[in-house]
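Please look at the chain below and follow how its parts are put together.

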Amino acid sequence: MTPQLGRLVIYTRKTDAMMAFYSAHFGYEAVRLPGDRIVELRPPGQGAAILLHPASKGQRGGQSLVKLVFDVPDVNAACDAAKARGLEFGAIHHADGYSFANTKDPSGNSVQLSSRAYSGRAAPPEPGGTTSDDDI
């Protein structure tokens with residue numbers, strides 16, 4: 001059996017803001033079990049869950065070489081919808097038949113909307129699922 005990516009851990013000091021951000025803008029459901037300091041954000045449908053873990057005093061926010069990429073067929077429309085919900089993305093970039101735009105979450109982590117998965121340059125997403133994108 002080939003292991004599947006199931007969860008991504010984000011260390012943060014802004015748990016409530018992060019819960020609100022990923023719920024409002026990407027449809028994740030926040031689940032906090034009694035006595036557990038980790039919050040699990042469950043995706044709408046298939047995809048990796050995001051675990052929000054309290055950052056230690058020595059950890060600095062936003063200093064990571066990770067980017068969370070959300071696959072969308074139309075980056076312009078997705079950016080417009082995000083803007084209507086109060087989330088601004090930067091300029092939309094075009095590269096080799098697909099588009100992408102970047103922003104930051106409340107903890108300073110890079111977040112991207114990308115149409116690469118729908119361009120034929122990457123494996124298409126499974127119905128209800130997503131694929132990853134490594135655009136920078």
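A salt bridge is a side-chain nitrogen of Lys or Arg within 4 Å of a carboxyl oxygen of Asp or Glu. In this structure, which is a predicted model, there is one salt bridge, and it joins the side chains of E40 and R42, with 3.5 Å from N to O. In general, side chains of opposite charge can pair when their charged atoms come close. Partly exposed means a relative accessible area between the limits for buried, under 20%, and exposed, over 50%, and the two partners can be set side by side in those terms.

| Residue | Relative accessible area | Class |
|---|---|---|
| E40 | 24% | partly exposed |
| R42 | 37% | partly exposed |

**The chain as a whole**

The protein chain contains two helices and eight strands, and, read from the N terminus, these elements follow the order β-α-β-β-β-β-α-β-β-β. The chain has 136 residues, of which 38% count as buried, while its accessible surface comes to about 8200 Å², with 52% of that belonging to carbon and sulfur atoms.

**Helix α2**

Helix α2 covers residues 75–84, and its buried residues are V75, A78, C79 and A82. Viewed down the axis of α2, these buried residues fall within an arc of 100°, so they line one face of the helix. An α-helix has 3.6 residues a turn, so residues three or four places apart point the same way. D80 and A84, on the other side of α2, are exposed, whereas the buried residues of α2 pack against α1 (15–26), β7 (98–104) and β8 (110–114). At the N-terminal end, α2 is capped by D74, which has a side-chain oxygen 3.1 Å from the backbone nitrogen of N76, and just after α2 comes G86, with a positive phi of about 95°.

**The nonpolar core**

Which residues touch the most other members of the largest nonpolar core? They are Y22 and F26, in a core of 23 residues. At least two residues of this core come from each of α1, β3 (39–42), β4 (49–54), β5 (67–71), α2 and β8, and α1 gives the most, with five residues. Leaving aside residues up to four places away in sequence, Y22 touches several residues, including I10, L41, I50, L68, F70 and V111.

Notes
Residues are numbered from 1 along each chain as its sequence is written. This is a predicted model: local features need pLDDT of at least 70, side-chain atom pairs count only at pLDDT 80 or more; totals for chains, interfaces and linings use all residues. Side-chain values use heavy atoms; hydrogens and water are left out. Helices (H or I, at least four residues) and strands (E, at least two) are DSSP runs, numbered from the N terminus. Buried means under 20% relative accessible area, exposed over 50%, partly exposed in between (1.4 Å probe, protein chains only). Accessible areas come from the Shrake-Rupley method with a 1.4 Å probe; for residues, only the protein chains shown count as cover. The arc is that of the directions from the helix axis to the C-beta atoms. Contact means heavy atoms within 4.5 Å. A polar contact is a pair of N or O atoms within 3.5 Å; within protein, one must be able to donate a hydrogen and the other to accept it, and residues adjacent in sequence count only if both atoms are side-chain atoms. A nonpolar core is a set of buried Ala, Val, Leu, Ile, Met, Phe, Trp, Tyr and Cys residues joined through side-chain atoms within 4.5 Å.
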